[in-house]
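Let's walk through this complex together, chain by chain and then down to single residues. Keep the structure open in your viewer as you read.

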Amino acid sequence: MPTREIYWNISNQAIMYIILVIALLFFINGLYKRYKFWHMGQEDKRNLNIKRFLKNILTHKTILRDNLPGVTHLMLFWGFILLFIATVIIGIEHYLHLEILKGKFYLTYSLLTDLFGLIILISLFITFFRRLYKPQEKIDKKPEDYIVVLLIAFIILTGFIIEGLRLNVTNVLWKKWSPVGLLFSLGFRGLSVSFQQTLHKFIWWIHVVSVGLFIAYIPYSKLFHIIAAPLNQIYSDENSGKILKDLDLDDDEKETFGVGEIKDFTWKQLLDLDACTRCGRCQNECPAYLSKKPLNPKEFIQSLKKNNQISPETIWSCTTCFSCQNNCPVDVEHIQKIVDMRRYLVLTEGEMPKVLQTTFRNLETNGNPWGIGWTSRELWAQDLGIIANSEPMDNDTILYWPGCFGAFDERNKLVSKALVNILKKANIKFSILGNSEKCCGDSVRRLGNEYLYQMLVLENIENMRGKGVNKIVTQCPHCYNTLKNEYPKFGGDFKVFHHTELIEELIKERKIIPENYPEIKVTYHDPCYLGRYNNKFATVRNIFNSINSISLIEMEPKEEKSFCCGAGGGRMWLEEDQGFKISSLRASQAMSTKAEVICTACPFCLTMLSDELKEKNLKVMDIAEIINKK
Amino acid sequence: MKILVLVKETFDTETKIVLENSKKINNEGIKYIINPYDEFAIEEALRIREKFGGEVVIYSVGRRESEVTLRNGLALGADKAKLIVSEKIDSITVSKLLAENITKEEFEIILSGWIAIDDNNAQVPARLSQLLDIPLVNVVTKIDFSDDKIICHREGDNTVEIIKVSPPAMIAVQRGINEPRYPTVKNILQAKKKQIDLIISENNEDINRINITYQLPEVKKAGLIIDGSKPEKAVNILIQKLKEAKVL
């Protein structure tokens with residue numbers, strides 16, 4: 001019956017155990033050091049996110065977004081899993097004195113281990129040459145990167161060689177069930193049996209030593225992601241960065257706020273640093289990196305890991321567009337870290353670009369970033385005959401929240417007017433807060449000024465509660481995100497909608513008839529805070545699909561991979577004096593669609609893109625303006 | 001070194017002023033801030049304290065509610081504040097009230113902004129220094145110290161005037177002397193606990209003699225832009241408009 005003798009041709013097995021124990025000691029020592037590193041961090045209450053972990057790790061969903069490296073990792077991963085199971089089976093057979101490996105099961109076992117070994121080899125081959133030929137700025141070329149690949153390849157190759165030699169010497173009938181081993185055996189055919197047997201013994205020990213090296217090397221190299229990445233995914237929080245952590249600002253015992261040194265991070269944030277394998281998926285679509293700003297999300301994480309100083313310019317460069325986190329296969333949470341470090345600069349050190357100080361002051365005194373007198377917030381509405389309600393609203397009245405842009409900015413006031421027109425035509429009962437509305441706080445929160453944020457939030461919530469607000473429709477995705485997702489933590493539980501959702505609904509209910517629109521070619525720019533932040537990719541596309549005369553030409557990149565306009569994360573209020581302008585990169589992507597109108601649904605995007613396309617033959621419009629234009 | 005900083009609570013520059021009657025400004029809708037020039041003075045005082053140690057005390061004359069505004073000064077890092085409560089805040093009254101109280105203090109420097117953005121009077125530094133009989137260096141853009149002298153820079157057109165003065169002295173600062181800081185949370189929290197002394201001013205005969213009335217300036221009419229794409233037509237419209245305005 002087909003089977004295989006374990007430890008064939010091998011004596012002094014005790015030495016193998018000594019080698020492996022030494023390797024294990026190195027491994028445990030390294031693991032302990034990493035554990036101590038995480039342990040240094042602050043408290044962080046995390047739930048076990050088993051579902052996300054399983055989905056991500058078994059299907060490789062995020063890794064596969066990057067095709068070739070995705071597939072090679074998938075091959076490597078499943079190869080490792082199968083060979084691990086195979087080794088466990090041998091262990092069970094050996095230690096429990098069971099005879100499992102025989103007959104058909106053995107033959108299948110033999111075939112599968114061979115094939116998966118080959119799969120690993122192929123993936124390593126691709127990985128190695130890909131790294132060799134890809135330019136330096138796309139992929140790291142550190143010695144470690146090659147050592148890891150070569151070490152695994154060496155283990156697999158020596159494995160196949162000893163299998164081949166064994167097949168040659170034992171010459172069993174079922175050797176065709178080890179096809180790869182058989183192929184390797186061909187190379188040794190001419191040698192004498194006794195020499196092959198000695199060679200087998202020699203290479204077997206080399207194989208064991210290399211396995212020992214591999215185990216020992218894990219906690220000291222990027223191989224450590226084998227442990228840290230799954231852990232990091234188990235503890236991951238899908239909302240990290242989208243809903244920022246609140247900060248207790250009343251604790252006057254506290255000397256510092258935010259993160260000023262490595263130990264101010266939470267244990268999970270430190271675990272993040274170990275989970276990173278420098279794969280670079282974060283940098284590939286990062287607007288800051290691609291426009292040559294000092295921030296590169298990969299370098300940022302790696303610098304933190306080495307406890308290097310991060311420059312304020314780096315920290316201020318992030319637009320919080322979420323593309324890095326969206327692309328990270330191991331759920332590293334970049335944005336909260338950036339915001340934590342901004343919080344330290346603003347709240348603890350009082351250090352920030354001069355322009356920001358003015359913006360903050362403006363918000364403190366007049367509740368809007370420009371510092372325009374707060375009593376002129378409702379002027380835009382007065383022109384339309386809308387008067388802010390001083391009476392409490394009834395339950396079916398919607399509160400229309402124009403936000404600072406919709407109320408003060410000349411270009412965006414046109415959007416407010418279009419939206420009001422849509423609401424009126426559809427007979428929707430709505431009201432506004434008028435002068436008592438204040439900035440939602442999104443920008444200041446992301447700029448690290450949590451103190452001012454909480455001040456604005458509490459005032460807005462109290463005001464809205466007093467007016468019996470129930471349902472809110474916002475014009476700005478930034479207002480939308482913070483009102484919907486962040487206000488509840490401060491006691492503001494309102495039903496919040498973005499105007500795109502409302503328009504989609506009105507078309508469905510035939511309150512807006514999607515007919516008689518002019519024939520236009522439109523391209524759509526996904527706002528980050530609507531798309532990646534709130535998964536609203538389909539809303540605007542559905543609206544366009546329901547209107548026959550409007551043809552949507554998609555621009556690349558789009559949806560999940562959409563490129564930021566450059567104004568998020570409070571970047572709107574900072575100078576952009578390094579590298580290229582992010583908005584000009586996006587504008588040229590829009591230009592190449594040859595559409596007549598670039599549509600967006602965010603006042604930040606509208607402002608940035610309008611500024612870029614002023615002198616071009618491409619109109620930038622909000623979806624509300626397109627829908628209103630009939 | 002003990003530094004007194006004079007702070008005036010002013011309207012925010014964007015505030016739209018509405019009069020209740022000729023004697024009273026409608027308080028609704030008004031946002032108050034620290035006079036930005038006084039903020040330069042606070043910042044300079046803090047920097048001097050950081051270098052030489054000592055104490056920074058804010059002095060203000062104004063309505064009782066201006067405590068809230070003064071708190072912002074404390075949040076920047078001043079040690080304490082004294083508010084002389086007075087309904088009248090013309091320069092004569094303010095200087096007198098300040099002088100009455102400051103004579104009781106021992107100090108090295110009084111710092112203030114050289115002007116306040118609301119009334120643009122720029123009188124208090126001069127009046128107060130007279131009443132206290134101390135030297136005044138006005139519109140200062142840089143302060144240094146050498147031995148026991150204060151060295152003040154005043155910028156003119158292409159010249160810098162350097163004035164040495166011995167303490168105690170009054171120094172009124174100009175924009176450009178520094179960039180005021182933004183308060184840290186730690187300082188904001190501490191400021192909540194700091195004391196603001198309220199000094200109720202006694203009814204003073206001199207003060208009662210002062211009478212101030214307000215009136216709003218006439219609103220300027222918006223400019224008119226005539227479409228210039230057809231010059232002949234534009235000229236005709238312009239002539240017509242000028243005739244309407246009785247210019248022609």
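Predicted model: local features only at pLDDT ≥ 70, side-chain atom pairs only at ≥ 80, totals over all residues.

The predictor gives the complex an ipTM of 0.86 and a pTM of 0.91. For chain B the average pLDDT is 91, and 98% of its residues score at least 70.

Stay with chain A for a moment. Its secondary structure comes to 27 helices and eight strands, and its C-alpha trace spans about 100 × 60 × 45 Å along the principal axes. Chain A has 630 residues, of which 43% count as buried. If you take the contacts in chain A between residues at least 6 apart in sequence, 77% of them join residues at least 24 apart.

Now zoom in on two of those domains. Contacts between them involve 29 residues of domain 3 of chain A and 27 residues of domain 4 of chain A. On the domain 3 side, the elements that give two or more residues are α18 (403-408), α19 (410-425), α20 (442-446), α22 (477-486) and α23 (499-508) of chain A. Which of them gives the most to this side? That is α19(A), with eight residues. Sorted by class, this side of domain 3 of chain A has 13 nonpolar, 11 polar and five charged residues.

Next, turn to where the two chains meet. The contact takes 20 residues from chain A and 16 residues from chain B. On the chain A side, α15 (334-349) and α16 (354-366) are the elements that give two or more residues, and α16(A) gives the most, with five. By class, the side of chain A that touches chain B has eight nonpolar, eight polar and four charged residues.

Chain B is assigned two domains, domain 1 (2-208) and domain 2 (221-248). Their C-alpha centres lie 49 Å apart.

You can follow the pairing strand by strand. Strand β1 (residues 2-6) of chain B pairs with strand β6 (residues 55-62) of chain B in the parallel sense, over five bridges. Here B:Lys2 stands opposite B:Glu55 in β6(B), and the bridge partner of B:Val5 in β6(B) is B:Ile58. β6(B) also pairs in the parallel sense with strand β7 (residues 80-85) of chain B, over six bridges; there, B:Val57 has B:Lys80 in β7(B) as its bridge partner. Is β6(B) largely enclosed or largely open? Seven of its eight residues are buried, so β6(B) is largely enclosed by the rest of the structure.

Most residues other than glycine have a negative phi, and most peptide bonds are trans. With that in mind, look at the cis peptide bond that joins A:Glu556 and A:Pro557, where omega is about -10 degrees. A:Pro557 is found in the loop between β6 (550-552) and α25 (582-591) of chain A. A:Glu559 lies in the loop between β6 and α25 of chain A too, and has a positive phi of about 45 degrees although it is not a glycine. With 14 other C-beta atoms within 10 Å, A:Glu559 is partly exposed.

Elsewhere in chain A, A:Arg278 has a phi near 65 degrees, again a positive value in a residue other than glycine. A:Arg278 lies in the loop between α9 (267-275) and α10 (281-284) of chain A, and counts as partly exposed with 18 C-beta neighbours inside 10 Å. In chain B, the peptide bond from B:Pro167 to B:Pro168 is cis, with omega near 0 degrees. B:Pro168 has its place in the loop between β12 (160-165) and β13 of chain B.

Terms used:
Residues numbered from 1 in each chain as written. Chains lettered and ligands numbered in written order. Contact = placed C-beta atoms within 7 Å. Helix = DSSP H or I, 4+ residues; strand = E, 2+ residues; numbered from the N terminus. Nonpolar A, V, L, I, M, F, W, Y, C, P; charged D, E, K, R; others polar. pLDDT = per-residue confidence, 0-100. Pairing = 2+ DSSP bridges. Buried ≥ 20, exposed ≤ 12 C-beta atoms within 10 Å, placed from the backbone. Domains from an automatic or database assignment.
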